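Student: I'd like to learn how to read a model like this one. Can we go through it together?

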Amino acid sequence: MKYISTRGAAPVLEFDGVLLAGLARDGGLYVPRSWPQFSAEKMQSLKTLTYPALAFEIIKPFVGETIGDADLRRLIDEAYRGFDTTEVAPLKKTGENEFLLELFHGPTIAFKDMAMQFLGPMFDHVLRQKSRRVTIVGATSGDTGSAAIEACRDRDAIDIFILYPHGRISDVQRKQMTTVKAANVHCIAVTGTFDDCQDMVKALFNDEKFRDRWNLSAVNSINWARIVAQIVYYFWAALKAGAPDTQVSFAVPTGNFGNVFAGYAASQMGLPIHKLVVGSNSNDILTRFFESGTMQMSGVHPTLSPSMDIQVSSNFERLLFDLFERDGAAVKSAIDGFRKHGTFVVSKAQHDNARRLFSAFRFDDTETKAMITEFLRETDQLLDPHSAVGVAAARAAGRHPEIPIITLATAHPAKFPDAVEAATGRRPALPTHMNDLFERAEKTVILDNNLDEVRRHIIKTLERAL
Ligand SMILES: *Cc1c(COP(=O)(O)O)cnc(C)c1O
């Protein structure tokens, strides 16, 4: 399998190269040159597999020849061994033709683990093959950071730096990062927003001298290997809900477009997906795009679902590449324009094309809380605020009598206990493996929203470890 950049001017790479590169050299994102195809017959044969066995079948064509079958099976088994249920991602029926896919059974109780727990062992394996070390630098709006840290902690070939917006993530999210006792883990609180953190990470990657000296690598949702791991659970849930004999729809709470892009990939691979329903909070840049065909930046508003408080949806560039019929120069010019003027527009035909598969809805905090309350009354289950946005989107899309709709539940309610308690009066308990989180000591630094200061801090830390 060969990978090309969405901006058309970076080297073509194999899976291992894409895994380590993260962002492409031309600033674009890697995508497969063509989508592997799964026939209905093939999908029927996958229905009874365990999660790791299914993951092997889905991931294998993306990996190509770069990792042998036995190694790949072992790495996938390692990835999902730490989950608190052997099902890995349980699918629960919550109403007539309505399902919830629980993606929060990994070590940090949010869906990022589904991809990160896979990425950690893969990185380690490929680095050892090549006798290399890397420095992972990432930005987090809350959940990616802890998931990345859990995946990379104590791995000899990796140093990991995670930037997060100071004071803008939940206590649980921060503690999950800053209490990890591992010499290769470094947390940085930046006095800015998530987008400031993300921009800084991009700038560090664009600093060739720095990037090459320290072998920079990314585990942000732009890393293709994360998308690959996320494609698996779309197949997993759809096959359980009746595919390929019936179509299914998914509702996905999203900000960065990473999770739902994996659903798009699954549909390109032959999974019969009727609709992908995007759920936004008040940071509704995606919903506005699907309504209007215009991508238009606006400020970031803090909400009850902070992992979706973003202004720029990085992974959207991958969809744009397909909407632009894989014309890298056209993508580059749209994104350059977006960076400069805060906006770009697609043609009517491209917009219609996007709307064939996607629909989108936004919900403010009041509506999110109301959804949590309503869902508790109906099902006796607590939703975290992100998952509540997802369920609200599924319901806004309208229940179809023949097509099951599956909402992706992206976090355990205990990860956002204040919002859940405010909505319901109930305070969700942390799972037992996290009982003592609030007693553990924290280690982090607070830095100004200043690229030079952050770069200096990273270099100093790495030089000290040499
Ligand atoms: C990261 C995250 C999301 C959004 O994921 P995208 O990559 O933006 O699609 C939603 N919910 C939770 C709990 C998250 O951690």
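**Reading the ligand site**

Tutor: Let's start at the ligand: one of its oxygen atoms is 3.0 Å from a polar backbone atom of Asn 259. A polar contact here is a pair of N or O atoms within 3.5 Å. This is a predicted model, where local features need pLDDT of at least 70, side-chain atom pairs count only at pLDDT 80 or more, and totals for chains, interfaces and linings use all residues. Residues are numbered from 1 along each chain as its sequence is written, and side-chain values use heavy atoms, with hydrogens and water left out.

Student: Which residues are closest to the ligand?

Tutor: A residue counts as near if one of its heavy atoms lies within 4 Å. There are 15 residues around the ligand, and Lys 112, Asp 143, Thr 254, Asn 256 and Thr 410 are the closest. Thr 254 has a polar side-chain atom 2.6 Å from a ligand oxygen, while Gly 255 places a backbone N or O atom 3.0 Å from a ligand oxygen.

Student: What is the strand order in the open sheet of six strands?

Tutor: Strands are DSSP runs of E with at least two residues, helices are runs of H or I with at least four, and both are numbered from the N terminus. Two strands pair if DSSP finds at least two bridges between them. The order is β3-β4-β14-β9-β10-β13, with mixed pairing. β3 (91-95) and β13 (358-362) are at the edges with a single partner strand each, so one side of each has no neighbour in the sheet. Inside the sheet, β4 (residues 98-102) and β14 (residues 405-409) pair in the parallel sense over five bridges, and Leu 101 has Leu 408 as its bridge partner in β14.

Student: How many salt bridges does the structure hold?

Tutor: Look for a side-chain nitrogen of Lys or Arg within 4 Å of a carboxyl oxygen of Asp or Glu. The structure holds 36 of them. One of these joins the side chains of Glu 442 and Arg 174 (2.8 Å, N to O). Glu 442 is in the loop between α18 (417-424) and β15 (445-447) and Arg 174 is in helix α7 (residues 171-178), so the pair ties together parts 268 residues apart in sequence.

Student: Which peptide bond is cis?

Tutor: Most peptide bonds are trans. The one from Ala 243 to Pro 244 is cis, with omega near 5 degrees.

Technical notes: Polar contact = N/O pair within 3.5 Å; in protein donor to acceptor, adjacent residues only side chain to side chain.
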